[in-house]
Each structure stands twice: as structure tokens, then as C-alpha cells.
Amino acid sequence: MHKVHVTTIVKDDLPAVFAAITDHRKFLSGDGMACHVIKKGQPEANGLGAIRTVRANKYTLTEKITAFELNKSYDYLLTDIKPKINLTHHNGWLELKELDEGTQVDWHSHFTCHTPVIGHFIGWQLKKSLEKIFTQRLKQLNK
């Protein structure tokens, strides 16, 4: 299993950062990516039960919000990847914590690549790519 973890400090208060991150359409769009909410969640459109698609390069990911705690965290799970790849997404989540200098955001994702022989190497490359993408997404919040 590969574990991705990216952390950063965003120079804004926790409610503003949480609102920006959970606005999936804005947060996950740009730089070759596009996000669409296809089913609204509760208690907010981007909350528990929300289903979204994220288009990145040649892949379309479908994600479901599986846990949601306002101004604290949310969990998600990849439920589909098109075109199909030999990967299991175990879980992903973002946690936020207010600090004196802003808001700390921790983004995690755990997955396993099942391709025989070279699966671990492919998984390692994907981990590095995800770390770069997560970092870019979080950096945009400080602009």
C-alpha cells in the first residue's frame, strides 16, 4: 500500500480554508483538471454523501464523500476510475487545524496498485505525482 501525505499552512482562518477546500468545483479545477459535483451531499452540497467527478489528463475519477465534519475534516473514497486501472483506493481525507499563523491542512490518500511485477514501482510513481498535485492544490489557497 502507498500512503500519500501532504501538509501545508494556509494563511487564512479555518472556516475560510475549509470553505475553499470543500468547494470542490473551484478547488479541484484548473491546471488541466476539472471537477463536477454530480450528487449533492449533506448538510452542504459538498458534504457527506456528495459524489464528484475529477477529470485529470486522460482519467476521470469518481469520488464519494464518506465522512464530513464542518470546519474539521472530510473523508473521500475513489469509487471508479475510467479508463480502468488496476488500483484500489483505500481512503483519502483532509484534516484542518487552526494555528496562530493560519490553518494547517493535512491531505492523505492510501492506495494499492495491483499490476503484477511492476505494480510497486507504478504505485511509487503515482504517489510522487499525487504529492505534487496535492501540494499545488493547497498552494493555490495562499494566493
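Helices (H or I, at least four residues) and strands (E, at least two) are taken here as DSSP runs, numbered from the N terminus. With that naming in place, α3 turns out to give the most to the lining of the largest pocket, at 9 residues. The model is a predicted one, so local features need pLDDT of at least 70 and side-chain atom pairs pLDDT 80 or more, while totals for chains, interfaces and linings use all residues. Residues are numbered from 1 along each chain as its sequence is written, and side-chain values use heavy atoms, with hydrogens and water left out.

In all, 32 residues line the largest pocket, with Ala56, Leu61, Leu126, Leu130 and Ile133 nearest its centre. Elements giving two or more residues to this lining include β3 (51–56), β4 (59–69) and α3 (119–139).

As for salt bridges (a side-chain nitrogen of Lys or Arg within 4 Å of a carboxyl oxygen of Asp or Glu), the count comes to 6. One pairs Arg52 with Glu63 at 2.4 Å, N to O, linking strand β3 to strand β4 across 11 residues. Both Arg52 and Glu63 are buried (under 20% relative accessible area; exposed is over 50%, partly exposed in between, with a 1.4 Å probe and protein chains only). Asp80 bridges to Lys84 at 2.7 Å and to Lys82 at 3.7 Å. Shared partners join Asp80, Lys82 and Lys84 into one network.

Key
On a 1 Å grid over the protein atoms alone, a cavity is a set of points where a 1.4 Å probe fits but cannot get out, and a pocket is an open set with protein on both sides within 12 Å along at least five of seven lines; lining residues have an atom within 4 Å of a point.
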